[in-house]
Amino acid sequence: MKINCFLPQGEPNQLKETVSSLRSSSLVNEIYVLANNNDGIDIPGVKVVKTAKLWSTDTISKIASLSESDYSLIYTKAAKLQLGTFGLERMYQIATDSSAALVYADHYQVIGGERKNNPLIAYQKGSLRDDFNFGSVLLYKANSLKDAAKSVETTYDYAGLYDLRLKLSQKGEIVHINECLYTEIEEDNRKSGEKLFDYVDPKNRIVQIEMEQACTDHLKKIGAYLEPNFKPVKFAEIDFKYEASVIIPVRNRVRTIADAIESVLLQKTNFKFNLIIIDNYSTDGTTEAIDKFSDERIVHVIPEAHDLGIGGCWNAGVNHPECGKFAIQLDSDDIYADENTLQKIVDAFYEQNCAMVVGTYKLTDIDLNTLPPGIIDHKEWTPENGRNNALRINGLGAPRAFYTPLLREIKVPNTSYGEDYALGLYFSRQYQIGRIYDVLYLCRRWEDNSDASLDTVKMNTYNTYKDRIRSWELDARIQLNKQA
């Protein structure tokens, strides 16, 4: 007895083809279909497992009870699966050689009738996203799966498979195979920029609450959970000429930079503020567009360094002698929602005694027409558990603002992706993150956005970096708890 396989129900003909592909391997023992009825499942030898919700704790428990082989294969898609030649044998070989709790592999995807390579990334301790891409074929060591299922303390309707993975990571290695071992049909053909906000779509809120609970329980088990106890921020210790500075890093945004500048200059506040623009050697007329503004509140900086990413530009702005007490973000593509944004942000620092503030934004196109899912409020960031749930999600929201003395001390990673996320994790380790749920910011999505349409290699690079950030943060929090 080598491998028992578990498949979602799916369309009858596709299911038959998947079963046929699995049976081409002599390693396959039993094949089970996870279904809420028997409709269309008339394949000889295939057994039906009744499930009300596909990846619930109840389903995982049933899979564990039927994992009486050496390994259990879970296929997570309803579309047709085609194993590569000896692909399953290779997964089995790596699984046994490594004694891994779970193995997953690179594969091919058929998108619009065209077959493409789909390389994945290695699993790290910080790979806590519930949407981490394992592909659709997961091979579990059966004993590890059964032990993990027995340790379940909370019953989930949607987070059962995610909870299983977290528990496996506590007890055994999760191994990535850098070989294309099967072909799957990809049905989500949206560009990368269109997928970024799925996890904050209001219709997914119930699912996200369960994922948060599973992740929080995992953090408690590994010693990385932080109680909602925060260091106070003493704002009166340093005097600043300006109460706030808006910081705009920019390179080659001649089409949008004037809109961004105007949205800052229109702000109405009861304090002094300025605008620091870090012009990172633009070549398309952006520099000239900035110079058309004669407002004395504008500080136009062309840095000496030629190796600055967005984070490096932020460091240049924050450490400028004209930077105010609070440094407030505005991307060169975007605009503030109205004339009260800066006032609301600065008020939040004092009212919530926080070192960082995150607002709410609305997605629009370049002409300010609302794009789905519309308002992104990041309700998953709560005062009670936001600092822990931040390790599960891939972003914190916008606009972001920081208490300048602390940001000068911490420094911003000199990257052009993930630098803001790294700061959010670092700040939240010890300080409260303030939240504003009014729409403060219009995030304009257009073809020149840095993450509008990323290829697989670039997406993997970005996701690997964010997982690494989370890994470092987990280590730091575990050490912090040991010192307490």
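This is a predicted model: local features need pLDDT of at least 70, side-chain atom pairs count only at pLDDT 80 or more; totals for chains, interfaces and linings use all residues.
Numbering runs from 1 along each chain as its sequence is written, and side-chain values use heavy atoms, with hydrogens and water left out.

A pair of aromatic rings is described by the distance of the centres and the angle of the planes. Here rings of Phe, Tyr and Trp (its six-membered ring) pair if their centres lie within 6.5 Å; planes under 30 degrees apart count as stacked, over 60 as edge-to-face and the rest as tilted. The count by this rule is 18 aromatic pairs. For Phe-235 and Phe-326 the centres are 5.5 Å apart and the planes at 70°, so this pair is edge-to-face. Phe-235 is in the loop between α7 (205-222) and β12 (244-250), and Phe-326 is in strand β15 (residues 326-329), 91 residues apart. Helices (H or I, at least four residues) and strands (E, at least two) are DSSP runs, numbered from the N terminus.

Phe-235 also pairs with Tyr-350: the centres are 5.0 Å apart and the planes at 70°, so this pair too is edge-to-face. Tyr-350 belongs to helix α11 (residues 341-352), 115 residues from Phe-235. Buried means under 20% relative accessible area, exposed over 50%, and partly exposed in between (1.4 Å probe, protein chains only). Phe-235 has 7% and is therefore buried, whereas Tyr-350, at 36%, counts as partly exposed. Ring pairs join Phe-235, Phe-326, Phe-349, Tyr-350 and Tyr-403 into a cluster.

Charges also sit over rings, the rule being NZ of Lys or CZ of Arg within 6 Å of the ring centre and within 35 degrees of the ring normal. Arg-429 lies over the face of Tyr-426, 4.6 Å from the ring centre. The charged end of Lys-466 is over the ring of Tyr-421, 5.1 Å from its centre.

A nonpolar core is a set of buried Ala, Val, Leu, Ile, Met, Phe, Trp, Tyr and Cys residues joined through side-chain atoms within 4.5 Å. The largest has 109 residues, and Tyr-140 and Phe-427 have the most contacts inside it. Another core, of 33 residues, lies apart from it and includes Leu-7 and Leu-73.

Finally, an open sheet of 4 strands has the order β5-β11-β7-β8, with mixed pairing; two strands pair if DSSP finds at least two bridges between them. Its edge strands are β5 (81-83) and β8 (114-118). β5 pairs with β11 (residues 182-185) in the antiparallel sense over 3 bridges, and Leu-81 stands opposite Glu-184 in β11.
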